[in-house]
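Welcome! Have a look at the sequence and the 3D view, then read on.

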Amino acid sequence: MAYSSMQSTSGELFDAGTKGSTVFQRVVHWVRERIELRRAESELNHMSDAELSDIGLTRGEIHNAVRRGY
C-alpha cells in the first residue's frame, strides 16, 4: 500500500513557488498529485474497519489523513 500524506504547495496551480515552471508543467504536476491522492484514498477505503483501526484511522478520517496528513 502506498499511503502517503503528500503535502502540496497548498494545492494551487499558480503558487509563487512554481515560478520556474511552465503552466503546462504545473498542470501536469497538479494532475499527477491528484491521481496519487485519489489512489491512496481508494486503497484506504478498500481496507476493513479492523485494518483501519490498526493504523489509527476511522473511515471518516481517511480524506483528511490523505489530504492533510492527520
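A salt bridge here is a side-chain nitrogen of Lys or Arg within 4 Å of a carboxyl oxygen of Asp or Glu. Side chains of opposite charge can pair when their charged atoms come close. The model you are looking at is predicted, so local features need pLDDT of at least 70 and side-chain atom pairs count only at pLDDT 80 or more, while totals for chains, interfaces and linings use all residues. Residues are numbered from 1 along each chain as its sequence is written, and side-chain values use heavy atoms, with hydrogens and water left out.

Let's begin with the overall layout. The protein chain has three helices and zero strands, giving the pattern α-α-α along the sequence. Helices (H or I, at least four residues) and strands (E, at least two) are DSSP runs, numbered from the N terminus.

Helix H1 has 23 residues and spans 33 Å from its first C-alpha to its last, close to the expected 33 Å; that expected span is 1.5 Å times one less than the number of residues. Several of its residues are buried, including Leu 37, Ala 40 and Leu 44. Buried means under 20% relative accessible area, exposed over 50%, and partly exposed in between (1.4 Å probe, protein chains only). The buried residues of H1 pack against H2 and H3. Across the 70 residues of the protein chain, buried ones make up 21%.

Now for the charged pairs. The structure holds four salt bridges, and the table lists some of them.

| Pair | Closest N to O distance |
|---|---|
| Arg 34 and Glu 33 | 2.7 Å |
| Asp 49 and Arg 59 | 2.8 Å |

Glu 41 is buried at 15%, whereas Arg 67 is partly exposed at 23%.

Asp 49 also forms a salt bridge with Arg 59. Asp 49 belongs to H2 (residues 49–54) and Arg 59 to the loop between H2 and H3, so the pair ties together parts 10 residues apart in sequence. Here Asp 49 is exposed at 53%, and Arg 59 is partly exposed at 35%.

Notes:
Contact means heavy atoms within 4.5 Å.
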